[in-house]
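Thanks, everyone. Please have the viewer open.

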Amino acid sequence: MTQVLTTAVDAPPAPEKILNFIGGEWVASESGRSLPLYDPATGEHLAEVPVSSAAEVDRAVQAASQAFRGWRETPVVERSRVLFRLKMLLEENVDALAASVAREHGKTFGEARGEVRRGIENVEHACGVPTLMMGETLEGIARGIDCETVRQPLGVFVGITPYNFPVMIPCWFWPYAVATGNTYVLKPSEQDPLSHQQIVALADEAGLPPGVLNVVHGDRSVSDALMEHPEVKGISFVGSSPVARRIYEKSAKTGKRVQALGGAKNHMIVLPDADFDYTGGMLLDSLFGCTGQRCLAGSVVVGVGDAYEPIRERFLDGAASLRIGHGLDEGVDMGPVISRAHRDRIRGYVEAGRVEGARVTLDRSNVDVEAYPNGHWVGPTVFEDVTPAMSVGRDEIFGPVATLSRAETIQDAIHLMHQSEYGNATSLFTTSGKAAREFRYEAGISMIGINIGVAAPMAFFPFGGSRNSFFGDLKAQGSDAIEFFTDRRVVISRW
Ligand code: NAD
């Protein structure tokens, strides 16, 4: 694993109450409904997450709608300056934000720091909006006639985000949306909503006017109220594939723009000419980093020909020695999973794998961490002899469960990968440029790593998958974000 904590970090204090942010004010939900929030490492009850009512959702959308005109009229350079100020505030708060992520999500402090940095990179990229948002002109499309495109914002956009990157994933969307002159309502995951509260507070401090960015907490009922709201122009969603498909279909029915990023089952293919020591380290980080709760996490390791035995040996040795514990404690490689229910779901897959006939080579799924008896612990678990028809070979488990498979040739490995319904990411490990080039051509997967275990595009490149991992046309980040949050209006003039 590449990110190991060297110094213990204090857990941040738990909030007294989790508030919505509507029209520039922090307000308590009056819905009377809430969900408990637990520290995944200690099992301690941290707070109650409100499930906002449809009336509260409407208030947030109305606040965003009312703020739209004034914000759109704010010169683009002034909008950009707010983001520059936010970027500076984020830099001053990196460690506090990382500690918050590590505590509420469970990942290690090093992993959380990496997440915060990725979030900041999106704010940095969005600061370039005066250039990114430029249109095009062409003089003389006919005699005395010129043509130009201008990019214009559309109004209120919505983000519905998952638990696994509570700081970074909302930053794939709202900084671009507001930079381009739209206003925003975010519904963060109900499983770890605290860290992004701090970012919203910093955006407020940076000078984002009231109503430009709003937050309403809750579960799928809040997603539904947002999708059904007539003032909402577009939805960005990240989460599991069944929900992504539902969001895509429901939003399309009401004529909204939609981008819906779903789940994954990523194949890591190792060729016999790979550097096995290096590849072994990359694979451990890919499959067990963030306790396997990454959409870019490797899931199936495919050893091609003679690569199988050496990579199996290195991978199993590494997986057996990973240190599991509280993400804020010293020397921990792997934290807990998000919830007790998710832990039980992962253990259920391990049991199903056995029943379906897969061979369990390493089973740390029932691991205990003595100092934290109530944490949601699942250790690295490795299966062999898995077929794509078995649930462990087919489904997204989203935990530290790996399968090792053999293939005779790289074509066989690609064929195995294509039996999965998902197409988020894949990686090839090789020292052959020719093999790498052919893989890029044939893989048919959107995010490809060559000797990289977690092929995470940076902010100025598109992030999103293919097949059942993505529903929509425009992806997150990069120039796709500018496309998604603006309409290109064409003006044809004769004077
Ligand atoms: P999830 O689908 O359970 O929830 C995501 C969000 O949708 C949450 O805000 C939740 O409140 C809301 N939601 C849940 N059910 C809903 C429904 N039926 N209708 C409307 N809204 C609903 O996902 P999760 O467990 O929070 O996150 C893990 C999943 O996210 C994994 O499948 C992972 O692969 C995926 N993910 C994908 C990417 C990507 O880039 N493709 C990135 C991160 C996570």
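A definition first: a polar contact here is a pair of N or O atoms within 3.5 Å; within protein, one must be able to donate a hydrogen and the other to accept it, and residues adjacent in sequence count only if both atoms are side-chain atoms. This is a predicted model, where local features need pLDDT of at least 70 and side-chain atom pairs count only at pLDDT 80 or more, while totals for chains, interfaces and linings use all residues. Residues are numbered from 1 along each chain as its sequence is written, and side-chain values use heavy atoms, with hydrogens and water left out.

Now the domains. The chain splits into domain 1, residues 20–262 + 469–494, and domain 2, residues 266–450; the bounds come from an automatic or database domain assignment. Their C-alpha centres are 31 Å apart. Counting contact as heavy atoms within 4.5 Å, 23 residues of domain 1 meet 27 residues of domain 2.

How much area is buried between domain 1 and domain 2? About 2,000 Å², with carbon and sulfur atoms giving 58%. Buried area is the accessible area (1.4 Å probe) that two parts lose on being put together, summed over both. On the domain 1 side, Ala 41, Tyr 163 and Ser 469 supply 26% of the area buried against domain 2, more than any other three residues.

As for polar terms, eight residue pairs are in polar contact across the interface of domain 1 and domain 2, both residues at pLDDT 80 or more. The elements giving two or more residues to the domain 1 side are α3 (94–105) and α4 (109–127), and α3 gives the most, with five residues. Helices (H or I, at least four residues) and strands (E, at least two) are DSSP runs, numbered from the N terminus. That side of domain 1 divides into seven nonpolar, nine polar and seven charged residues. For those classes, Ala, Val, Leu, Ile, Met, Phe, Trp, Tyr, Cys and Pro count as nonpolar, Asp, Glu, Lys and Arg as charged, and the others, Gly among them, as polar.

Salt bridges between domain 1 and domain 2 number zero. The term means a side-chain nitrogen of Lys or Arg within 4 Å of a carboxyl oxygen of Asp or Glu. The whole structure has 26 of them.

Next, a few single residues. Buried means under 20% relative accessible area, exposed over 50%, and partly exposed in between (1.4 Å probe, protein chains only). Gln 259 lies in strand β11, residues 257–261, and is buried at a relative accessible area of 1%. What does the side chain of Gln 259 reach? The backbone oxygen of Lys 475, at 3.1 Å. Beyond four places in sequence, the contacts of Gln 259 include Phe 173, Ile 235, Phe 237, Phe 471 and Phe 484.

Ala 112, in helix α4, is buried with a relative accessible area of 0%. Not counting residues up to four places away in sequence, Ala 112 touches Ala 98, Val 101, Ala 102 and Lys 107.

Val 350 is buried at 2% relative accessibility, and Asp 363, Ser 365, Thr 381, Phe 383 and Val 401 are in contact with Val 350, neighbours within four places in sequence left aside.

Helix α9, residues 220–228, has buried residues Val 222, Ser 223, Asp 224, Ala 225, Leu 226 and Met 227. Among the elements covering them are α1 (54–73), β8 (183–187) and α10 (241–253).

Back to the charged pairs. Asp 219 forms a salt bridge with Arg 33, closest N and O atoms 3.3 Å apart. Asp 219 is in the loop between β9 (213–215) and α9, and Arg 33 in the loop between β2 (25–27) and β3 (34–38), so the pair ties together parts 186 residues apart in sequence. Asp 219 is buried at 15%, whereas Arg 33 is partly exposed at 44%.

Arg 314 pairs with Asp 277 in a salt bridge at 2.6 Å between the closest N and O atoms. Arg 314 is in helix α12 (308–321) and Asp 277 in helix α11 (276–288), so parts 37 residues apart in sequence are tied together. Here Arg 314 is partly exposed at 30% and Asp 277 exposed at 56%.

Last, Lys 87, Glu 91, Arg 117 and Glu 124 are linked in a network of salt bridges.
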